[in-house]
Amino acid sequence: MNVLLVILYILLGILGLLFLALLLPVGVRLRYSAEGFLLKLILGPVRWQLLPEKHPEKKKKTDPNPGKSKTDKPKMQPKEKQEERRGGSLRMLLPYAPLGWKFLGDVRRSILMRRLELLVNLGGDDPCDLAIVYGNACGVLEAVMPMMHNAFRIRKENVQVFCDFSAESTEVYVDAEIVVCPARLLLIMIRYGWRALKIYRQQNEKGGAEV
């Protein structure tokens, strides 16, 4: 009996850990600056740096076959012919289109942008040309930012455009952090998966009735 209780507690502990893992935010942080790109993978409080890559020191490898010439290459095998790919009926796929569009909308609204920082420093020595570029840049941002707010939930935002007559070229600084809750995504997938299954069953029933 005690063994069964221990096994039950272990299973409950594993389920509890899985539940907590689903609640942890998952996402990426991307930064572009004068130092180049910085890309980090986010899993709750833990962050793994993907870019720039940290290359370990490479050790010199000894040649296991010193007598074999490096120019000797294995013979290439002839490529197999690719099988002919035929598509399914478009009529069967159309009922899924509205469902897929709603699914993408719910997934988009579940994404949280914790940080969006975009600093554009326009460079140039001609005040007239720089004024025109500045006006165009502000117009683009005024058109794009409402679309960004409609697409994502943005918590912290800092978007600005500057002019620098002493700068030789335009500089851009970007720092964005995007996360999503796996549990919320899982619920969305289950809900829309059930709806897609209902459409699939209805199509099979109609197909069987026609036969």
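## Overall fold

Going along the sequence, you get the pattern α-β-β-β-α-α-β-α-β-β-α. This is a predicted model, where local features need pLDDT of at least 70, side-chain atom pairs count only at pLDDT 80 or more, and totals for chains, interfaces and linings use all residues. Residues are numbered from 1 along each chain as its sequence is written, and side-chain values use heavy atoms, with hydrogens and water left out.

Of the 211 residues in the protein chain, 18% are buried, where buried means under 20% relative accessible area, exposed over 50%, and partly exposed in between (1.4 Å probe, protein chains only). The protein chain exposes about 17600 Å², and carbon and sulfur atoms supply 63% of that. Those areas come from the Shrake-Rupley method with a 1.4 Å probe, and for residues only the protein chains shown count as cover. Take the contacts between residues at least 6 apart in sequence: 75% of them join residues at least 24 apart, a contact being heavy atoms within 4.5 Å.

The six strands form an open sheet with mixed pairing, in the order 3-2-1-6-4-5. Strand 3 (46-51) and strand 5 (153-164) are the edge strands, each pairing on one side only. On average, neighbouring strands of this sheet are turned by 10 degrees against each other, direction ignored. Two strands count as paired if DSSP finds at least two bridges between them. Strands of a sheet pair through backbone hydrogen bonds, either parallel or antiparallel.

Now for the individual pairings. Strand 1 (residues 26-33) runs antiparallel to strand 6 (residues 171-180) over seven bridges, and here Gly27 sits opposite Val179. Strand 6 also pairs with strand 4 (residues 111-123), again in the antiparallel sense, this time over ten bridges; Leu119 has Tyr173 of strand 6 as its bridge partner. Strand 4 and strand 5 go parallel over eleven bridges, with Leu116 opposite Glu157 and Gly123 partnered by Asp164.

The buried residues of helix 4 are Leu130, Leu141, Met145 and Ala151, and they pack against helix 3 (96-109), strand 4 and strand 5. At the start of helix 4, a side-chain oxygen of Asp126 comes to within 3.1 Å of the backbone nitrogen of Cys128.

The expected span is 1.5 Å times one less than the number of residues. Helix 3, with 14 residues, reaches 20 Å from first C-alpha to last, close to the 20 Å expected. Its buried residues are Leu99, Gly105, Asp106 and Val107.

## Spots to zoom in on

Ser110 lies in the loop between helix 3 and strand 4. Its relative accessible area is 2%, so Ser110 counts as buried. The Ser110 side chain reaches the backbone oxygen of Val107 at 2.6 Å, a polar contact: a pair of N or O atoms within 3.5 Å where, within protein, one must be able to donate a hydrogen and the other to accept it, and residues adjacent in sequence count only if both atoms are side-chain atoms. Leaving aside neighbours within four places in sequence, Ser110 is in contact with Arg153, Val179, Val180, Arg184, Leu185 and Ile188.

Gly123 belongs to strand 4. Not counting residues up to four places away in sequence, Gly123 touches Leu130, Asp164, Ala167, Ser169 and Thr170. Gly123 and Thr170 are 47 residues apart in sequence but 4.6 Å apart in space, C-alpha to C-alpha. Elsewhere, Pro52 is in the loop between strand 3 and helix 2 (90-93), and the peptide bond from Leu51 to Pro52 is cis, with omega near -5 degrees. Most peptide bonds are trans.

Conventions:
Helix = DSSP H or I, 4+ residues; strand = E, 2+ residues; numbered from the N terminus. Axes fitted to C-alpha atoms, helices over the stretch in contact; angles between N-to-C directions.
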